[in-house]
Number of protein chains: 2
Amino acid sequence: MKLFATVLLVSAFAGSMCAEDKPLVLASQGSFFVGGESKTITSPGRGPGAPSTQGEITINQMYVQFQTPPRAAQHVPVVMVHGCCLSSKTWETTPDGRMGWNEYFVRKGRSVYLADQVSRARSGFDPATFNAVRAGAKPPSELPPILDATHQTAWAIFRFGPSFNKPFPDEQFPVDAADELYKQMIPDLNTTLPSPNPTWKNMAALAVQLKGAVLIGHSESGFFPEQAALIDPSGIKANISIEMPCPDLTPAQITTLAKIPTLMVFGDHLSDVPNSIWGNAFESCKKFVDQVKAAGGDAEMMHLPAMGLKGNSHMLMQDKNNLQIADLIVSWIDQHVETQKSARRR
Amino acid sequence: MKLFATVLLVSAFAGSMCAEDKPLVLASQGSFFVGGESKTITSPGRGPGAPSTQGEITINQMYVQFQTPPRAAQHVPVVMVHGCCLSSKTWETTPDGRMGWNEYFVRKGRSVYLADQVSRARSGFDPATFNAVRAGAKPPSELPPILDATHQTAWAIFRFGPSFNKPFPDEQFPVDAADELYKQMIPDLNTTLPSPNPTWKNMAALAVQLKGAVLIGHSESGFFPEQAALIDPSGIKANISIEMPCPDLTPAQITTLAKIPTLMVFGDHLSDVPNSIWGNAFESCKKFVDQVKAAGGDAEMMHLPAMGLKGNSHMLMQDKNNLQIADLIVSWIDQHVETQKSARRR
């Protein structure tokens, strides 16, 4: 009942500010997988005494859900990949019931592809080690740690406020609906993955399959667009990286990435929480932007408070001003990617 | 590339048979959670040496994704819940790229709600036992078995043919695209759930929240609509159960269920595969239908081959004639649920 009250309220609000309550028209929608390979396993029986069976399962596939508006060919498709302990729910209806980026980008005329990371949500994961330990074939110490971030961790890492349940005065995350965000937080099994992370290869393959795409990553997946480009840049029209540490790269890697327009997005209060992860991340990505520019590339650091947008959290795609930030990104794509279809920019 | 060729081919085919390639118009869409409660855990650190932290996580929530067509108030919303080792992908684009039931029911004017079962996909699961065994706090024997059905198991249980990779001559499942189905098959963690299964309570709560809904279950979740009704029947307008065993029930339980229109759906070749699960399931559900009828209820067994539809598999919502079966179900809803809005039927 609370949800529905929220939806009504928000619907009225959205109607007063723009056209989000108009019917949504789709040319097509659907879902499919990218990648995946067969693996032979011994599958335990279900329930006590049930016999185990041997056979093949498919692992490392990436589930992708898409929506295409009419006349989508006018724009480059956008691929969105979620962060740690989350799924593609990240981009959908916000915890307080407002429109997510997935639908908003479609309403802005772009095909949107939401990918569940390999080993998460509808992409599934490889259960072999868990079952091998259960069967006594491997020691418990070989169990991969399953990361399930607590409410307390989320509050701190997502920068909702200086201490648990105490928001920043200008906090943009809808903290009254934090319980709804906590429901989105699910076990993270990335420690079960081989190296390199199959999601990177799958993102690169998806961009090729789409004959060109903008890749957006966030947090854990923030640098995945660049990692995908280092595997195969041929389908990638732009990389958009939201709030993550940028790793040290070789000059050859920088040269590859400098061929792709790149946008980094960071919110507010980076150094106002009791850990240094975001302040350090910001510095590492400023350095990356400088390196790409020095190599002749088109890279931009979009630091929201420097642009007058105050109080944005790590979950900025769910913040109260999430559509305003989406507009900035759409505009960046239009200027840095799409105007290059007919002429080199500047 | 193969996928896109398939989509083109199918699109042409769909266009020739009906209006599935017309734009889809939605009044609204989104996602939310039903249920969920807090649990205090010790979460392992990420990577060697990282400290563990204590705090709360949310468990037993059910992720729901919905689409609402214009004028949806004319019809009762439909809730679809997938089976074992699968996610809501079950109802979306078929393995060979055709339209799934999710979109088809929307095009038939109904609001559609897809729920990922608790402990699966975007609903997440409770990782506590796995991490406790890893930490040495519990023995490996307490690890829940993770069911990940193999390709070979799927071929047999889903009745694609008499032996692996050999289809029945009249098989309706698109077996050439079986590899795409195998990618949908993900680890099933239902053995981690408390009893009763929280999905049942969440389905009942969702029906109440929607002010009335038709619940559809399949296979593992085939009897979940009835289990939900036994917890709280107040929001449930009809139960549709696709291919599962029907349990023995008490007279009081039958009396409760007899107040809800009930449809059972079974496909073909029930006794033509090397196990007796489906023949037995069919008999148990015929008995259930008879019990409901004897208690004055409206129950029907829709055995597809008896209606002239031959060769349907266990995954009949993905079979080549999936939309024909959807039409039968839509028609059943219209006759057994919706005509009762203004007058008692018969």
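**Reading a two-chain interface**

Guide: In strand β1(B), Leu26(B) is the bridge partner of Leu24(A). This is a predicted model, in which local features need pLDDT of at least 70, side-chain atom pairs count only at pLDDT 80 or more, and totals for chains, interfaces and linings use all residues. Residues are numbered from 1 along each chain as its sequence is written, with chains lettered from A and ligands numbered from 1 in the order in which they are written.

Visitor: How many bridges join β1 of chain A to β1(B)?

Guide: Strands are DSSP runs (E, at least two residues; helices are H or I, at least four), numbered from the N terminus, and two strands pair if DSSP finds at least two bridges between them. Here three bridges join β1 of chain A, residues 24-26, to β1(B), and the two run antiparallel.

Visitor: How many residues does the contact take from chain B and from chain A?

Guide: Residues are in contact if their C-beta atoms, placed from the backbone, lie within 7 Å; the contact takes 57 residues from chain B and 57 residues from chain A. Elements of chain B that each supply at least two residues to this side include β2 (28-34), β3 (37-43) and α4 (151-157).

How values were computed
Two residues are in contact if their C-beta atoms, placed from the backbone, lie within 7 Å.
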